[in-house]
Amino acid sequence: MFKKILIANRGEIACRVAATARKLGIRTVAVYSEADANAKHVAVCDEAVLLGPAPAKESYLCGDKIIAIALATGAQAIHPGYGFLSENAEFAEACAEAGLVFIGPPAAAMRAMGSKSAAKSLMEKAGVPLVPGYHGDEQDAAFLQREADRIGYPVLLKASAGGGGKGMRVVENAEGFRDALASCKREAISSFGDDKVLAEKYLQRPRHIEIQVFADTHGNCLYLFERDCSVQRRHQKVLEEAPAPGMTAERRAAMGDAAVAAAKAVGYVGAGTVEFIANQDGSFYFMEMNTRLQVEHPVTEMITGLDLVEWQLRVAAGEPLPKKQDDLKIHGHALEARIYAENPDKGFLPSIGTLRHLDTPDAVQFELGGTPGQPAAVRVDSGVREGDAISPFYDPMIAKLIVWGADRKQALARMAQALSQYQIVGLAANVAFLKRLVESDAFANADLDTGLIERNGDTLFPPARSVPVAALALAAVALIEHEKTLARGTNAGDPWSQALGWRLNSRYARTLAFRDEGGKDYAPVFTYLPHGWDLSIKGLSVDVALLSRDGVHLSVRLGDASVHGTVRRDGDTFHVFTGGGHHVLHYADPLAHAGESEAEGGRLTAPMPGKVVAVLAAQGQEVKKGEPLVIMEAMKMEHTIAAPHDGTVDEILYAVGDQVTDGAPLLAFRAAA
C-alpha cells in the first residue's frame with residue numbers, strides 16, 4: 001500500500017479521499033489555488049502546496065505543476081477525485097512517465113470512453129444496447145441538422161467530450177436546431193476545449209440509471225448494483241438513490257452484465273460508472289461511461305457497507321478486488337441530496353458569498369467497511385465550513401447530504417428531517433427546494449423520470465406564501481432582546497438608556513417594519529407589557545413572552561403555544577428557522593436607512609459574476625418581452641438575460657469576452673410607452 005498520495009482536487013471530494021487515506025495510515029498532500037488558501041481540504045491533509053491563481057486553468061488543471069509537487073513531496077500516487085484532470089488521459093500518461101501511480105483507469109480506457117461518439121461505436125460492437133442517433137465525426141451544421149431530421153424530434157445534442165450535464169441541449173423542432181447547436185458548441189468548447197457534438201433521439205419520460213463497476217489488474221470485474229439519478233435540473237443530478245425503485249432482480253442482472261461487458265471491452269481498471277437511459281417499459285440503452293469515481297458514490301457505500309475510495313487505493317496498489325460478485329448484497333435504501341449555492345426560484349442561478357452561518361444535521365457515523373444498517377444513519381460530505389466563501393471560480397456545491405434507511409420510506413423520512421435541520425445564511429441555497437422535492441407525491445411514489453422537476457413545477461415552485469406569525473414573533477423578539485443587550489452593555493448605569501419600553505402612565509406600542517423575499521411588507525405592532533409583549537398583526541392580537549434564549553436559539557410563548565427556532569441576523573436581514581422552514585425578513589430600520597434613495601432604474605444587471613459570451617441585441621434595437629439580449633457564462637454554464645418587457649436597447653455596456661461582476665449593468669434599457 002502507498003505511504004503518501006497527492007490529492008489533485010479540492011472541496012468535498014478532496015476531503016473525502018483524505019478521510020479514507022487517514023483511516024489506512026496513508027499521508028496526504030493537498031494542492032490549492034490562491035482562492036483556496038484557507039479551504040477545508042488544505043486543513044485536513046498532512047501537507048499542502050500552492051498551485052497558482054484562482055482560475056482552474058492556472059491551478060487545478062495544471063498537470064505538470066501537480067506532478068512536480070507530487071515528486072517534490074515524495075508522493076507515490078495521485079488521486080484525481082472527480083472533475084478537473086480525473087478523466088484526462090494525457091495526465092494519466094504523464095503520471096506514469098514520472099513514475100507515479102494514477103489512481104484511476106488506464107489512459108487507453110479513458111480515451112475509449114472519453115469520446116461519447118467513439119464509445120457508442122465500441123459499445124455497439126460489444127453488444128451493449130444503444131439509443132438511435134448520430135455519433136460520427138462530421139460536424140457541419142447542415143449535415144447535423146439533416147441527421148436530426150432523420151432521427152426525429154425531439155433530439156438531444158450532447159458535447160462528445162462532455163459530462164456533468166454541460167454542453168447538452170434538447171431540440172424540440174427543426175426551427176430551433178441551429179440556435180441550440182451554436183449554444184451547445186459554445187458551452188462545450190468552454191467546458192471541455194472541444195466543440196464536437198453528437199445527436200440522439202430524446203426519449204420521453206426516461207429514467208437515468210447507472211451501474212457502479214470495479215475492475216482490478218488481475219482480470220476481475222464486478223458491479224456494485226445501481227443508482228437511480230433520474231431527478232435532474234439542466235441535465236445535472238439533484239437527488240440520487242440506491243437501489244433504484246422498482247428494479248427487478250432480472251433487470252438488475254441484465255444491466256449489471258451489460259456494464260461489466262462495457263468495462264471489459266476497454267480493459268478497464270478501478271472505479272467507473274456505466275450510465276444507462278431507461279424507458280418506463282424496462283428497456284435500457286447505453287449512454288456513457290464516467291471513468292472516475294462519481295459524486296453520488298456514497299449511496300452505493302451506504303447500501304453495501306463498503307468504502308469505494310479504499311477499493312480504489314487497493315486496486316491502484318496492485319491488490320485484487322476485496323470481494324467477489326456473489327459476496328455483494330444490498331442492505332436497505334440510501335438517498336443523496338446535493339446541497340448547492342443556487343437559487344431554484346431564479347432558474348437555479350448560482351449564488352456566491354460567504355457562509356455566515358452553517359448548521360448541519362447531526363451526523364450519525366455510518367462506518368465505511370463496517371456492518372450496514374445502523375439506525376438513523378446520516379452522513380454529510382462537505383468541503384466547506386462556516387465562514388468559508390463560495391466563489392465564482394468553481395462548482396457551487398456546499399455539501400452532499402446522505403441518509404440510510406431500512407427501506408425507501410424510512411430513508412425518505414430521514415432525508416426530509418435532515419433537510420429541515422440544514423441552516424445556511426449568507427447566500428442562496430437549494431435546501432427548501434430539496435425538501436419540497438423529497439416530500440412531493442411524485443418522488444415519494446417513485447414516479448421517476450428526468451423530467452420530474454419540470455412536470456411538477458406547481459408543487460416544487462409554489463407561489464410565495466405569507467411569513468407565519470410564529471416566524472415574525474421570533475424575529476421581533478430577537479430584535480428587541482438584542483436592543484436590550486446593547487443598551488445594557490453601553491450604558492449599564494443609565495436608567496434612561498435601557499431599552500425596556502417603559503412609559504409613564506401608558507404602554508409603549510411599537511410598529512416594526514419587515515419585508516419578505518417576495519417584497520411583501522409586514523407591520524407587526526408590539527406593545528410592551530410587564531412580562532412580555534402583545535403582538536398585533538392583521539386583526540390578530542396575541543400575548544408573546546420569551547421563554548428561553550441560548551445565543552441564536554429562542555423559545556417564545558405565542559398565546560397558548562410554545563414556538564422554538566433559530567434566528568440569525570445578517571445586517572438588517574433576519575433568517576428565521578422554525579418548524580422545518582427558513583423565512584427571510586428584511587428589517588427596515590428607520591434611522592439606519594434615513595436619506596437613502598432608490599437605485600437608478602432602466603438597466604438590466606448581471607444576476608451573478610461571469611463572462612459575456614454573446615450579445616444578441618444592438619443599440620437602438622426595439623425588442624419584445626422575453627427576447628434574449630445577452631448570454632453570460634458563469635461556473636461553466638450559460639445564462640440568458642432577456643428583455644423584461646417590450647422596449648428599446650439604448651446602450652450596450654459590455655462586449656463579448658468581458659468579465660462582469662454581480663449586479664453590474666449590462667445594457668441600458670427603455671421600456672415601451
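# Reading sheets, cores and cavities

Tutor: Strands 6-9-7-8, in that order, form an open sheet of 4 strands with antiparallel pairing. Its edge strands, strand 6 (133-134) and strand 8 (168-171), each pair on one side only. The model is predicted, so local features need pLDDT of at least 70 and side-chain atom pairs count only at pLDDT 80 or more, while totals for chains, interfaces and linings use all residues. Residues are numbered from 1 along each chain as its sequence is written, and side-chain values use heavy atoms, with hydrogens and water left out.

Student: What makes two strands pair?

Tutor: DSSP must find at least two bridges between them. The strands themselves are DSSP runs of E with at least two residues, helices are runs of H or I with at least four, and both are numbered from the N terminus. Here strand 6 and strand 9 (residues 197-201) are joined in the antiparallel sense over 2 bridges. Within that pair, Tyr-134 faces Ala-199 of strand 9.

Student: In which sense does strand 1 pair with strand 2?

Tutor: Strand 1 and strand 2 (residues 27-33) are parallel, over 4 bridges. The chain passes from strand 1 through helix 1 (residues 11-23) to strand 2, and this β-α-β crossover is right-handed. The term means that, with the strands pointing away from the viewer, the path from the first strand over the helix to the second runs clockwise. Strand 1 also pairs with strand 4 (residues 77-79), in the parallel sense over 3 bridges. Leu-6 has Val-29 opposite in strand 2 and Ile-78 opposite in strand 4.

Student: Are the faces of strand 1 covered or open?

Tutor: Burial is read from relative accessible area: buried is under 20%, exposed is over 50%, and partly exposed is in between (1.4 Å probe, protein chains only). Both faces of strand 1 (residues 4-7) are covered, with Lys-4 and Leu-6 buried on one side and Ile-5 and Ile-7 buried on the other.

Student: Which residues touch the most other members of the largest nonpolar core?

Tutor: In soluble globular proteins, nonpolar side chains tend to be buried together. A nonpolar core is a set of buried Ala, Val, Leu, Ile, Met, Phe, Trp, Tyr and Cys residues joined through side-chain atoms within 4.5 Å. The largest one has 61 residues, and those touching the most other members are Ile-5, Phe-214, Phe-276 and Phe-286. Helix 9 (residues 249-265) supplies the largest share of this core, 6 residues. A second, separate core has 37 residues, including Ala-337, Leu-412, Leu-434 and Ile-453.

Student: What is Ile-5 in contact with?

Tutor: Contact means heavy atoms within 4.5 Å. Setting aside neighbours within four places in sequence, the contacts of Ile-5 include Val-17, Ala-21, Val-29, Ile-103 and Leu-313.

Student: How many cavities are there of 30 Å³ or more?

Tutor: Rolling a probe the size of a water molecule over the atoms shows where empty space is left. On a 1 Å grid over the protein atoms alone, a cavity is a set of points where a 1.4 Å probe fits but cannot get out; a pocket is an open set with protein on both sides within 12 Å along at least five of seven lines; and lining residues have an atom within 4 Å of a point. Grid points are joined across faces, edges and corners, and a volume is the space filled by probe spheres set on the points. By this rule there are 2 cavities of 30 Å³ or more. The largest cavity has a volume of about 100 Å³. It is lined by 16 residues, of which Ile-103, Gly-104, Pro-105, Ala-271 and Gln-312 are the closest to its centre. Helix 11 gives the largest share of that lining, 3 residues.

Student: What is the volume of the second largest pocket?

Tutor: That pocket has a volume of about 1900 Å³. Among its 50 lining residues, Asp-345, Ala-432, Glu-517, His-582 and Val-584 are the closest to its centre.

Student: Where is Phe-225 found?

Tutor: Phe-225 is in strand 11 (residues 221-233). Its phi is positive, about 70°, although Phe-225 is not a glycine. Phe-225 counts as buried because its relative accessibility is 8%.
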